[in-house]
Amino acid sequence: MGEGPVHHEAACPPLIVALKWTSKAHSDLVRLYEFVGPVNPAAAARIVRHLVASAKRIPAHPRLGMQMPEFTPREVRKVLVADYEIRYELTDTEVFILRIFHAREDR
């Protein structure tokens with residue numbers, strides 16, 4: 001009596017997977033920087049840093065992104081970060097950042 005509620009740990013720990021970048025995703029960041037950089041180098045660096053930091057957060061909650069059924073049976077998802085889309089593939093042990101591009105681009 002007089003004891004507070006009992007809190008139980010989740011039966012399964014959260015899914016945390018390794019983060020990998022494809023060469024196309026790296027190229028997308030370079031392309032983005034080279035597009036914005038000549039006009040505003042500080043903004044270009046800030047955008048790239050923000051996108052990289054956002055991608056680094058994906059492994060802690062990899063299923064938060066919207067699933068893209070057109071890639072089935074692969075589990076490809078996307079998250080929107082400001083005006084940019086980060087597409088990634090989730091496997092049992094890894095998140096692969098596939099592409100990063102401006103949402104206005106026709107992809």
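Because the model is predicted, local features need pLDDT of at least 70 and side-chain atom pairs count only at pLDDT 80 or more, while totals for chains, interfaces and linings use all residues. Residues are numbered from 1 along each chain as its sequence is written, and side-chain values use heavy atoms, with hydrogens and water left out.

The protein contains 2 helices and 5 strands. Helices (H or I, at least four residues) and strands (E, at least two) are DSSP runs, numbered from the N terminus. Read from the N terminus, the order of elements is β-α-α-β-β-β-β. Of the 107 residues, 33% count as buried; buried means under 20% relative accessible area, exposed over 50%, and partly exposed in between (1.4 Å probe, protein chains only). Contact means heavy atoms within 4.5 Å. Among contacts between residues at least 6 apart in sequence, 47% join residues at least 24 apart.

Helix α1 spans residues 23-36 and helix α2 residues 41-57. Their axes come within 8 Å and cross at roughly 155 degrees. Axes are lines fitted to C-alpha atoms, for helices over the stretch in contact, and angles run from 0 to 180 degrees between N-to-C directions. From α1, the contact is made by Leu29, Leu32, Tyr33 and Val36. From α2, the contributors are Pro41, Ala43, Ala44, Ala45, Ile47, Val48, Leu51 and Val52. The residues of this contact comprise 12 nonpolar, no polar and no charged. Here Ala, Val, Leu, Ile, Met, Phe, Trp, Tyr, Cys and Pro count as nonpolar, Asp, Glu, Lys and Arg as charged, and the others, Gly among them, as polar.

Glu89 counts as buried because its relative accessibility is 16%. The side chains of Glu89 and Arg74 are joined by a polar contact of 2.9 Å. A polar contact is a pair of N or O atoms within 3.5 Å; within protein, one must be able to donate a hydrogen and the other to accept it, and residues adjacent in sequence count only if both atoms are side-chain atoms. Apart from neighbours within four places in sequence, Glu89 is in contact with Arg74, Glu75, Val76, Glu94, Val95, Phe96 and Leu98.

Arg57 and Leu19 are 38 residues apart along the chain, and their C-alpha atoms are separated by 9.2 Å.
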